[in-house]
Amino acid sequence: MPRSAFFSKETIAAAGLEIIRNQGVDALTARALSKQLGCSLSPIFTVFKDMDEIHAAVRQAAAALFSDYVKDILDFQPAFKDYGMRLIRFAKQERNIFQLFFERGNSLLENAPATALNCLDEIKESYQLTDEQVLILYRQLWAFTCGIAVLATQSPDDYPEELISEMISTQFISTLSFLKSGRPVKNVTPHLKVEGEKTIIDLG
């Protein structure tokens with residue numbers, strides 16, 4: 001008969017997440033996990049087949065942690081901006097865990113915005129946007145906010161709350177104003193500069 005497990009999957013995943021929180025993503029190894037739990041490897045691999053399964057469970061635990069962090073976002077106004085502010089705040093507070101969001105094809109960031117997408121319904125109605133316009137707005141703001149979050153994990157003091165708020169507001173207003181103008185996007189492709197050519201982009 002197989003040996004009984006001493007720990008649940010949730011307990012092991014939580015221990016793995018704690019290792020990453022304190023020591024970084026690369027610190028999560030079988031040996032580190034057994035030390036964190038105070039057991040041999042046997043109970044761990046009675047529950048999980050291998051380290052790939054453990055890493056997957058830890059990523060799910062990280063996603064659940066962030067989901068809980070933004071669970072009441074729709075109680076705030078504007079919800080979409082507060083979501084972005086919280087994402088950056090989470091990145092600054094949980095730098096090592098936030099790194100998990102960018103592992104293995106960005107999978108966590110592809111799933112995490114479910115709550116953010118719910119905020120867009122309000123924006124769509126408030127500003128009379130089409131589905132296409134809302135998608136453009138979402139992509140611009142999501143990529144912009146994730147970029148700030150990454151930078152803020154490297155230099156937290158360079159990105160205080162007030163500055164982050166101003167940056168997100170500027171990006172939101174700029175994108176929204178462009179969308180409401182009805183002008184098409186001018187996709188400028190970089191090319192070898194011709195002598196005397198001006199670098200000014202036609203904004204008309």
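This is a predicted model: local features need pLDDT of at least 70, side-chain atom pairs count only at pLDDT 80 or more; totals for chains, interfaces and linings use all residues.
Helix axes here are lines fitted to C-alpha atoms over the stretch in contact, and the angle between two axes is taken between N-to-C directions, from 0 to 180 degrees.

Take helix H4 (residues 51-69) and helix H5 (residues 79-93) to begin with: their axes come within 10 Å and cross at roughly 130°. That angle makes H4 oblique to H5, since 65 to 115 degrees counts as roughly perpendicular and over 145 as roughly antiparallel. As for the hand, H4 and H5 cross in a right-handed sense. On the H4 side, the contact draws on Leu65, Phe66 and Tyr69, while H5 puts in Tyr83, Arg86, Leu87, Arg89, Phe90 and Gln93. Sorted by class, the H4 and H5 contact comes out as six nonpolar residues, one polar and two charged.

The loop between H4 and H5 has something worth a look too, as Pro78 sits in it. The peptide bond joining Gln77 and Pro78 is cis, with omega at about -5°.

H4 also packs against helix H1 (residues 9-23), this time at an angle of about 75° and with the axes 8 Å apart. H1 and H4 are therefore roughly perpendicular to each other. From H1, the residues making this contact are Ala13, Gly16, Leu17, Ile20 and Arg21; from H4, they are Ala57, Val58, Ala61, Ala62 and Leu65. Eight of the residues in the H1 and H4 contact are nonpolar, with one polar and one charged making up the rest.

H1 has another partner in helix H2 (residues 30-37), where the axes come within 9 Å and cross at roughly 110°. That makes H1 roughly perpendicular to H2. Thr11, Ile12, Ala15, Gly16, Glu18 and Ile19 are the H1 residues involved, and they meet Ala32, Leu33, Gln36 and Leu37 of H2. The class count for the H1 and H2 contact is six nonpolar, three polar and one charged.

Next come the pockets. The largest pocket has a volume of about 270 Å³. Its lining is made up of 19 residues, and those nearest the centre are Pro78, Phe80, Lys81, Ile123 and Phe172. So the proline of the cis Gln77 and Pro78 bond shows up again here, because lining residues are those with an atom within 4 Å of a pocket point. Two or more lining residues come from each of H5, helix H8 (114-127), helix H9 (131-154) and helix H10 (161-181). In terms of class, the lining of the largest pocket has 12 nonpolar residues, five polar and two charged.

Gln128 is not a glycine, yet its phi is positive, at about 50°.

The second largest pocket holds about 180 Å³ of space. It is lined by Val188, Thr189, Pro190, His191, Lys193, Glu197, Lys198, Thr199, Ile200 and Ile201. By class, that lining splits into four nonpolar, three polar and three charged residues.

Notes: Residues are numbered from 1 along each chain as its sequence is written. Side-chain values use heavy atoms; hydrogens and water are left out. Helices (H or I, at least four residues) and strands (E, at least two) are DSSP runs, numbered from the N terminus. Angles under 35 degrees count as roughly parallel, over 145 as roughly antiparallel, 65 to 115 as roughly perpendicular and the rest as oblique. A crossing is left-handed if the near helix is turned anticlockwise from the far one by less than a right angle, and right-handed if clockwise. Contact means heavy atoms within 4.5 Å. Ala, Val, Leu, Ile, Met, Phe, Trp, Tyr, Cys and Pro count as nonpolar, Asp, Glu, Lys and Arg as charged, and the others, Gly among them, as polar. On a 1 Å grid over the protein atoms alone, a cavity is a set of points where a 1.4 Å probe fits but cannot get out, and a pocket is an open set with protein on both sides within 12 Å along at least five of seven lines; lining residues have an atom within 4 Å of a point. Grid points are joined across faces, edges and corners, and a volume is the space filled by probe spheres set on the points.
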